[in-house]
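Work through the exercises below with the sequence and the model side by side. Each task is followed by a solution in steps.

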Amino acid sequence: MDIEQKQAELIEYFVKQAENHKGASLANVIVEATSHSSLFAFSEILAVPNVAELQGTEYSVFLDVLRLFAHGTWSDYKSNACRLPQLVPDQVRKLKQLSVLTLAEINKVLSYDQLMQELDVTNVRELEDFLINECMYSGIVRGKLDQLRRCFEVQFAAGRDLRPEQLGSMIQTLTSWLNTSDNLLLSIQEKIKWADTMSEVDKKHRKEVEDRVEEVKKSLSVKAADMEFRGHEEIIYSEPGGVMDYEEDRIRPKRRRPPIS
């Protein structure tokens with residue numbers, strides 16, 4: 001099963017769970033969702049009315065936790081740890097994974113120093129193990145570890161949930177992309193039309209050349225036949241002369257040799 005299909009199935013499962021629970025049981029659903037090793041998207045769960053109703057209740061901190069996993073990072077958690085529940089180890093690992101995705105959105109070459117500071121990692125070996133085992137093996141990122149330059153070169157990173165303030169920028173980006181696509185499509189259609197026109201011109205030119213070749217062939221055939229006919233005429237007219245010479249020679253009186261005495 002690919003990562004996208006698995007994500008979709010997990011999202012559907014936890015959305016249904018959130019719809020069927022409230023209060024403390026809903027808080028447990030949030031902890032389970034944010035601890036799951038294969039779930040990295042949470043906006044659909046945030047959109048469930050039961051989840052929004054946690055605001056202002058004794059369980060509102062779990063709503064804050066869900067928002068943190070949807071949009072925040074490990075650094076954000078450290079800055080607000082005093083008012084959030086303590087995370088379990090699976091949640092800590094998940095939030096650090098999400099932090100790598102956030103960094104990859106900004107820069108495709110991540111220095112080891114930046115990553116170690118962001119993830120609270122004390123040495124390169126621990127950092128590389130985390131990137132390989134927890135990020136690349138899980139399929140959320142692909143890239144190359146460059147030990148010489150002490151950086152992680154990101155080739156692919158899964159996208160995170162959009163923050164509400166990012167929607168305007170995303171709409172603008174998509175609108176620009178749509179306009180560019182429309183212009184590109186128009187350009188392609190014009191090139192296809194031009195190619196069709198040139199094809200017709202080429203076909204017409206080819207037909208003219210073929211017709212001309214046929215005309216030349218016919219002309220050469222006529223000339224060849226005429227020359228062959230003239231050759232036969234010359235042979236015919238030369239034959240009587242040859243016969244005449246032979247006849248004249250035949251009837252001409254022959255001289256007799258005198259007898260030998």
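Two strands pair if DSSP finds at least two bridges between them. Helices (H or I, at least four residues) and strands (E, at least two) are DSSP runs, numbered from the N terminus. The model is predicted: local features need pLDDT of at least 70, side-chain atom pairs count only at pLDDT 80 or more, and totals for chains, interfaces and linings use all residues. Residues are numbered from 1 along each chain as its sequence is written, and side-chain values use heavy atoms, with hydrogens and water left out.

**Exercise 1. Elements and the hairpin**

Task: List the elements of the protein chain in order, then describe how β2 and β3 are joined.

Solution. Step 1: the protein chain has ten helices and three strands. Step 2: read from the N terminus, the order is α-α-α-α-α-α-α-β-α-α-β-β-α. Step 3: strands β2 (residues 141–146) and β3 (residues 151–157) run antiparallel and are joined by six bridges. Step 4: across from Arg-142 stands Phe-156 in β3. Step 5: four residues lie between the strands of this hairpin, and Arg-150 there takes a positive phi near 55°.

**Exercise 2. Positive phi**

Task: Find where Asp-120 lies and where Arg-150 is found, and state how accessible Asp-120 and Arg-150 are.

Solution. Step 1: most residues other than glycine have a negative phi. Step 2: Asp-120 is not a glycine, yet its phi is positive, near 60°. Asp-120 belongs to the loop between α8 (112–119) and α9 (124–136). Step 3: Arg-150, also not a glycine, has a positive phi of about 55° and is in the loop between β2 and β3. Step 4: for accessibility, buried means under 20% relative accessible area, exposed over 50%, and partly exposed in between (1.4 Å probe, protein chains only). Asp-120 has 38% relative accessibility and therefore counts as partly exposed. Arg-150 is partly exposed as well, at 35%.

**Exercise 3. Aromatic pairs**

Task: How many aromatic pairs does the structure hold, and of what kind is the pair of Phe-42 and Phe-69?

Solution. Step 1: rings of Phe, Tyr and Trp (its six-membered ring) pair if their centres lie within 6.5 Å; planes under 30 degrees apart count as stacked, over 60 as edge-to-face and the rest as tilted. Step 2: the structure holds three such pairs. Step 3: in one of them, the ring centres of Phe-42 and Phe-69 are 6.0 Å apart and the planes are at 70°, so this pair is edge-to-face. Step 4: Phe-42 is in the loop between α2 (23–35) and α3 (43–46), while Phe-69 is in helix α5 (residues 60–71), so the pair ties together parts 27 residues apart in sequence. Step 5: Phe-42 is buried, at 0% relative accessibility, and Phe-69 is buried with a relative accessible area of 0%. Step 6: Trp-74 and Tyr-77 have ring centres 5.4 Å apart and planes at 25°, so they are stacked. Trp-74 and Tyr-77 are three residues apart in helix α6 (residues 74–80), and therefore about one helical turn separates them. Both Trp-74 and Tyr-77 are buried.

**Exercise 4. Charges over rings**

Task: Which ring does the charged end of Lys-94 sit over, and which does Lys-96 lie over?

Solution. Step 1: a charge sits over a ring if NZ of Lys or CZ of Arg is within 6 Å of the ring centre and within 35 degrees of the ring normal. Step 2: the charged end of Lys-94 is over the ring of Phe-40, 4.9 Å from the centre. Step 3: Lys-96 is over the face of Trp-74, with 5.2 Å to the ring centre.

**Exercise 5. Burial and distance**

Task: State what share of the residues is buried, then locate Ser-99 and Glu-19.

Solution. Step 1: of the 261 residues in the protein chain, 27% are buried. Step 2: Ser-99 is in helix α7 (residues 89–106) and is buried, at 1% relative accessibility. Step 3: between Ser-99 and Arg-160 there are 9.8 Å in space, C-alpha to C-alpha, and the two are 61 residues apart in sequence. Step 4: Glu-19 is in helix α1 and is partly exposed, at 46% relative accessibility. Step 5: Glu-19 and Asn-50 are 31 residues apart along the chain, with 6.2 Å between their C-alpha atoms.
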